[in-house]
Amino acid sequence: MLALGIDALTDGYRRREFSPVEVTKAVLARAAALQPVLNPLAAIDEEGALAAARESEARWRAGTPKGVLDGVPISVKDLMPTQRMPTRSGSKAVAEDSVPRIDAPPPARCREAGAILFAKATTSEFGNKIVTESPLNGITRNPWNAARTSGGSSGGSAVAVATGLGPVAIATDGGGSIRIPSSWCGVVGFKPSYKRVPTLALEGFGSLSNVGPMALSVADAALLLSIMARPHADDWQAMPPDERDYREGLEDGARGLRVAYSPDLGIAKVQPDIAAAVGRAVRLLEEAGAVVEQVDVPPLQGYVESRMHSIQWMVNLAHLLRGFTPEQRALIDPDTVELAATGKQLPATALAAALAGREKLGREMHAFLGRYDVLICPTFHVEAPEVPGLPPALREAPRFTSWCNQTMQPAASVPCGFTMSGMPVGLQFVGRRYADAMVLRAAAAYERLRGPFPMPPLASKTGGAR
């Protein structure tokens, strides 16, 4: 049951092959077994989950399911307010009793569709790192090799999905926080166009922050996006609602897709076995009828040196921490405090230059992608490093992912193979702003050509594929 996607789960409920209560109990049992090994969850609402599962089971027996997610277990990243469970953002500086009275819009929409929100997934403190390590929750480890990081900041979400703790998870991405752990843990992650998903109180990192799905498959990611993208009247920045089912068009395939392919975007040296896996994936698409052109990406030349992402991030972090007392700051990761202090001291001209650079980059990437349906590249240039900590070379804005947050473009990571050491590799698809459906179509086309991807060895003793 725990390797099944959303449709297979709900079809099983409909046929009474198994029940939401049975699935929820299995998820809770596996979570209890995996928590000491991988540490993917910051909080578990066992009582609430089982109560919701019993209600779901009664609806299915009556033939009146609440929605397309009825009885589906879902974890929510611990940056997002969720009823019944504390939202502490991975920080000891946030009170233990910080249990929101209402859900943020994404989990609210999922709950309305019948989902069982059973846990909060771990995050790096305030979502500040590309590894999921925090003073509050410790290290979240990779299900393919527990000596490696899960990635971050949505590492708990990636591990939960990879190990069968629900087929989907609600996560956030401010510079790669969905796509990087998806790549390193071997799951699908999708960062939508900015404000495709209404968020309300998730503005700590301004217009860099996005909410998106992590999933076992592109189809499940598209379905979760369809639910979360439903309108919320109080989010004044949200896109006009389109009420779209993002699963439509996923079967259109690769034929005729105009693909720009860059092995390294001209901004990083890619680990050879990662480059080889990505190259094989691109050839599959080309053989299936995609029109592939290997390209340079001139707008990204100078992106790393500009530090535009790091400058905005540090300023936003300084703003986020401004209300914390000295006693609270003493509980926060020193790296986070140091970045915030740097952000506080940056001159206004530095921020203005970074924002002007962002405007220029967005304009140029919009024009560049006018000739293509998607741009394909590696999701990350090296495999998941060992824990704890982060190598000095990776203590920067993630080169292949963070620019998409600057330009507000949709981007997906799909597993495309393994490194020589057996760690998953992610293939990134990037589209024009608002072209979320096209990115999902291209990702689904590759996923279908690739075939089933195995579950990690630490998911269960039986393993399996999806």
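Is Asn39 buried or exposed? I looked up its relative accessibility first: at 14%, Asn39 counts as buried (buried means under 20% relative accessible area, exposed over 50%, partly exposed in between, with a 1.4 Å probe and protein chains only).

**Basis of the entries.** I note that this is a predicted model, in which local features need pLDDT of at least 70 and side-chain atom pairs count only at pLDDT 80 or more, while totals for chains, interfaces and linings use all residues. Residues are numbered from 1 along each chain as its sequence is written, and side-chain values use heavy atoms, with hydrogens and water left out.

**Entry 1: Asn39.** I located Asn39 in the loop between helix 2 (20-38) and strand 1 (41-44); helices (H or I, at least four residues) and strands (E, at least two) are DSSP runs, numbered from the N terminus. The Asn39 side chain reaches the backbone oxygen of Asn137 at 2.7 Å. I then listed the residues in contact with Asn39 (heavy atoms within 4.5 Å), leaving aside neighbours within four places in sequence: Leu34, Thr122, Asn137, Gly138, Ile139 and Thr140.

**Entry 2: salt bridges.** I applied the rule of a side-chain nitrogen of Lys or Arg within 4 Å of a carboxyl oxygen of Asp or Glu. The count comes to 22 salt bridges. I examined Lys129 and Asp333, whose side chains meet in one of these at 2.8 Å, N to O. This pair links distant parts of the chain, 204 residues apart: Lys129 is in the loop between strand 3 (116-121) and strand 4 (133-134), and Asp333 is in the loop between helix 11 (326-329) and helix 12 (334-345). Both Lys129 and Asp333 are buried.

I next examined Asp436 and Arg196, which form a salt bridge with the closest N and O atoms 3.0 Å apart. Here too the pair links distant parts of the chain, 240 residues apart, with Asp436 in helix 15 and Arg196 in the loop between strand 9 (188-191) and strand 10 (210-215). Asp436 is buried, with a relative accessible area of 0%, and Arg196 is buried at 10%.

For Arg399 and Glu396 I found a salt bridge of 2.7 Å, N to O. Arg399 is partly exposed, with a relative accessible area of 23%, and Glu396 counts as partly exposed at 30%.

**Entry 3: helix 5.** How many residues of helix 5 (residues 155-162) are buried? I found eight of the eight buried, so helix 5 is largely enclosed by the rest of the structure. Just after helix 5, Gly164 takes a positive phi of about 85°.

**Entry 4: helix packing.** I took axes as lines fitted to C-alpha atoms, for helices over the stretch in contact, with angles from 0 to 180 degrees between N-to-C directions. Helix 7 (residues 218-228) and helix 15 (residues 436-450) pack at about 155°, with their axes 9 Å apart. These two helices are therefore roughly antiparallel (angles under 35 degrees count as roughly parallel, over 145 as roughly antiparallel, 65 to 115 as roughly perpendicular and the rest as oblique). Val218, Ala219, Ala222 and Leu225 in helix 7 meet Leu440, Ala443, Ala444 and Glu447 in helix 15.

I compared this with helix 10 (residues 308-320) and helix 12, whose axes come within 7 Å and cross at roughly 105°. Helix 10 and helix 12 are therefore roughly perpendicular to each other.

Terms used. A polar contact is a pair of N or O atoms within 3.5 Å; within protein, one must be able to donate a hydrogen and the other to accept it, and residues adjacent in sequence count only if both atoms are side-chain atoms.
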